[in-house]
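Hi there,

Here is the structure I promised to pass along. Please open it next to this message and follow along as you read.

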Amino acid sequence: TDFETWLMQVLDRYQIRCTFAVIPRICAGNAYDPRPQDVVPLDATKAAILRRAMKGGVAGAAVHGLTHQTTRPDQPGQWSEFAGLPEAEQAQRLATARREVEQALGQPVTAFVPPWNSYDANTLTALETAGYTILSAEPDRPILPTSSLQFAPATCDLAGLRQAVAQARRLPDARSLITVLFHSYDVSELD
């Protein structure tokens, strides 16, 4: 929790809003192994830190899968918790994940960030069925023209942030949105 506490302080100091992709019950073993595994529920202390930051206006939340465990056997590099599953199964997993994250945080959550940025057309329909309104993933992923989802594509990683800001400043529209995709292990201050 030291990292989360430190990050919330930095966000608050600079008034930067960050959306945290939350996994309600992460697999306890190897996320790249699709066999049944035990799961660990979202830590109550981490949930409390995020709840406080959300109330303070510096944090938002998105669902980041149910367990962040691949369902694709024997497909290294093509890991996905959702792609390839029937739409009904995806909708059930997405609804369960959303309900558990909302219970942990005490607020509605309608954004989804797919593990490994991986999803398929069934995921898009399942997201709508499960009540999601926003999808954030890499920009080269599938989109259904008839979808009611709002898309917030990831535009860069931490290493590319300075360049993204410089490019945004050169645009005539001052309302540019930069979506930075990063994990806690991408932050050197963690160590």
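Below is what I found in it, grouped by topic.

First, some ground rules. This is a predicted model, in which local features need pLDDT of at least 70 and side-chain atom pairs count only at pLDDT 80 or more, while totals for chains, interfaces and linings use all residues. Residues are numbered from 1 along each chain as its sequence is written, and side-chain values use heavy atoms, with hydrogens and water left out.

**Aromatic rings**

There are six aromatic pairs in the structure. Rings of Phe, Tyr and Trp (its six-membered ring) pair if their centres lie within 6.5 Å; planes under 30 degrees apart count as stacked, over 60 as edge-to-face and the rest as tilted. Phe112 and Tyr132 form an edge-to-face pair, because their ring centres are 5.8 Å apart and their planes stand at 70 degrees. Phe112 belongs to strand β5 (residues 111–112) and Tyr132 to the loop between α4 (121–129) and β6 (134–135), so this pair ties together parts that are 20 residues apart in sequence. (Helices, H or I with at least four residues, and strands, E with at least two, are DSSP runs numbered from the N terminus.) Phe112 is buried at a relative accessible area of 0%, and Tyr132 is buried at 3%. Here buried means under 20% relative accessible area, exposed over 50%, and partly exposed in between (1.4 Å probe, protein chains only).

Elsewhere, ring pairs join Tyr32, Trp79 and Trp116 into a cluster.

Tyr132 also has the charged end of Arg98 over its ring, 5.8 Å from the centre. Likewise, Arg93 lies over the face of Phe82, 5.9 Å from the ring centre. A charge sits over a ring if NZ of Lys or CZ of Arg is within 6 Å of the ring centre and within 35 degrees of the ring normal.

**Two polar side chains in loops**

Ser147 is found in the loop between β6 and β7 (150–151) and is buried, with a relative accessible area of 17%. What does the side chain of Ser147 make a polar contact with? The partner is the side chain of Glu128, at 3.0 Å. A polar contact is a pair of N or O atoms within 3.5 Å; within protein, one must be able to donate a hydrogen and the other to accept it, and residues adjacent in sequence count only if both atoms are side-chain atoms. A polar atom of the Ser147 side chain also lies 3.0 Å from the backbone nitrogen of Leu149.

Asp43 sits in the loop between β3 (39–41) and α2 (44–55), and at 36% relative accessibility it counts as partly exposed. A polar atom of the Asp43 side chain lies 2.9 Å from the backbone nitrogen of Thr45. The C-alpha atoms of Asp43 and Ala104 are separated by 9.1 Å, although these residues are 61 apart along the chain.

**Positive phi angles**

Most residues other than glycine have a negative phi. Gln15 has a positive phi, near 50 degrees, and its place is in the loop between α1 (2–14) and β1 (18–22). Asn117 has a positive phi of about 55 degrees and is placed in the loop between β5 and α4. Buried or exposed, where do Gln15 and Asn117 fall? Gln15 is exposed, at 58% relative accessible area, whereas Asn117 is buried, at 9%.
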